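Dear colleague,

Here is the structure I said I would pass on. My notes on it follow below.

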Amino acid sequence: MPSQAANAPALEAPLHVLVLDDDPLLLEVMREMLAACGLSNIALETQACSALRRLDQSMPDAVICDLMMPEMDGIEFLQAAAAQGYQGKVILMSALEDGVREAAGELARALGLQVVGSFRKPLEQNQLRAALAC
């Protein structure tokens, strides 16, 4: 006879989200927006190298990444994330024009990344909810 635990629906673990942007104020806004989606496992990084270490350590379910950053830009970060075998969702955001964002998204897909959105900054709450399905 199967146990009740075997028949119980599996509880979904809350999403773990990593946000990478060189603007600390924008990171705080993103934290508030993610919290409004009901998420609490949120990591914020201002430097791509630190974000890559987090990917290696905790493999978040989703990464929200700016494209224009000093030292290592978003494209270089995405290439490194793909090389590390990152399998989660990717959301791109940038103040760059639409064509540049779309090209970055296509490149990320070609690298095997799961791009679920490419948005102009500032990201809107409804865009975030739709991309993360929260």
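Predicted model: local features only at pLDDT ≥ 70, side-chain atom pairs only at ≥ 80, totals over all residues.

Read from the N terminus, the elements follow the order α-β-α-β-α-β-α-β-α-β-α.

Some overall values: the protein has 134 residues, and 42% of them count as buried. Among contacts with a separation of 6 or more, 75% are between residues 24 or more positions apart.

Helix 6 spans residues 125-132, and its buried residues are Leu 128, Ala 131 and Leu 132. These lie on the same side of helix 6, because the arc they cover around the axis is only 85°. Asn 126 and Ala 130, on the other side of helix 6, are exposed. What do the buried residues of helix 6 pack against? Their partners are strand 1 (16-20), helix 2 (24-36), strand 3 (62-66), strand 4 (89-94) and strand 5 (114-120). After helix 6 comes Ala 133, with a positive phi near 55°.

The other item is Glu 45, which sits in strand 2 (residues 41-45). Glu 45 counts as buried because its relative accessibility is 13%, and the cut-off is under 20%. Its side chain makes a polar contact with the side chain of Arg 54, at 2.4 Å. Leaving aside residues up to four places away in sequence, Glu 45 also touches residues including Leu 18, Leu 20, Leu 27 and Ala 51.

Regards

Terms used. Residues numbered from 1 in each chain as written. Heavy atoms only, no water. Helix = DSSP H or I, 4+ residues; strand = E, 2+ residues; numbered from the N terminus. Buried < 20%, exposed > 50% of the residue type's maximum accessible area, 1.4 Å probe, protein only. Polar contact = N/O pair within 3.5 Å; in protein donor to acceptor, adjacent residues only side chain to side chain. Contact = heavy atoms within 4.5 Å. Arc of directions from axis to C-beta.
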